[in-house]
Amino acid sequence: MSGRRPLRRSAAGAIVAILAALVLAADQFVKYLTIEHLPLHEVVPVLGEFLQLYYIRNSGAAFSLGSGVTWIFTIALSVVALVIIWKAFNLRSRWWAVVLGALLGGVLGNLTDRLFREPGFGNGHVVDMISMPWMMPAIFNVADIFIVTGMISVALLVVLGLRFDGTRERDHATVETEEEAEAAAVAADEPEAASVAVADEAETDDAAAPSDGR
């Protein structure tokens, strides 16, 4: 991760924007196909119970939680998107650019549904269609996949100590340790230098003292 030089901010921002646009386009295209070709609330087996398609419109979060306060999820998604865009202006890390770009695309995918789908602006229902009943009962979509993997990736980058500027925490720790060592060496040299200065001053005083005539 740290073998390459940090990106310029413009390059990192471009990565975030391009990935976000690709994820958003993929999410909305799959939702379009779902609406056009899948029956509502009917299971369509793909790989038995391992993978199924099940078209629903979700007004809440996972497991349809908070279905009566859809506007709260709209605000939350908007805030997350704005924070990611704000952070993108100071990015110089390739890994952070990739992770935040994918995460932003997922957030924008569901935010688009909240803003522009029925029943109205800010209260739109998210189109879900992917079901894996062997793993969990929730129905999800492409945007959800990128949101979950993006959040996991963010946690991993934090644990690995990778910073937004492309450096790592251990690099800064090494620099601080070297600076502390240099400061300690200087501090250790100062008493010795002071002793030498005192001795030199004493010799100078002795040499300058007047003779008593003997």
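In β2, Leu-53 is the residue that bridges to Val-44. The two strands involved, β1 and β2, run antiparallel and share four bridges. Strands here are DSSP runs of E of at least two residues, and helices are runs of H or I of at least four, both numbered from the N terminus. This is a predicted model, so local features need pLDDT of at least 70 and side-chain atom pairs count only at pLDDT 80 or more, while totals for chains, interfaces and linings use all residues. Residue numbers start from 1 along each chain as its sequence is written, and side-chain values use heavy atoms, with hydrogens and water left out.

Axes are lines fitted to C-alpha atoms, for helices over the stretch in contact, and angles run from 0 to 180 degrees between N-to-C directions.

Then there is the helix packing. Helix α2 (residues 70-88) packs on α3 at an angle of about 150°, axes 9 Å apart, which makes the two roughly antiparallel (the label for angles over 145 degrees). The crossing of α2 past α3 is left-handed, i.e. the near helix is turned anticlockwise from the far one by less than a right angle. Among the residues in contact (heavy atoms within 4.5 Å) are Phe-73, Leu-77 and Ile-84 of α2, along with Leu-104, Leu-108 and Arg-114 of α3. By class, this contact splits into 13 nonpolar, four polar and two charged residues; Ala, Val, Leu, Ile, Met, Phe, Trp, Tyr, Cys and Pro count as nonpolar, Asp, Glu, Lys and Arg as charged, and the others, Gly among them, as polar.

On to α4 (residues 142-160): its axis and that of α3 (residues 94-116) come within 8 Å and cross at roughly 150°. α3 and α4 are therefore roughly antiparallel as well, and α3 passes α4 in a left-handed crossing. Residues that meet include Trp-95, Trp-96 and Gly-106 in α3 and Phe-146, Gly-150 and Met-151 in α4. The contact of α3 with α4 has 14 nonpolar, five polar and one charged residues.

How values were computed. Parallel < 35°, antiparallel > 145°, perpendicular 65-115°, else oblique. Pairing = 2+ DSSP bridges.
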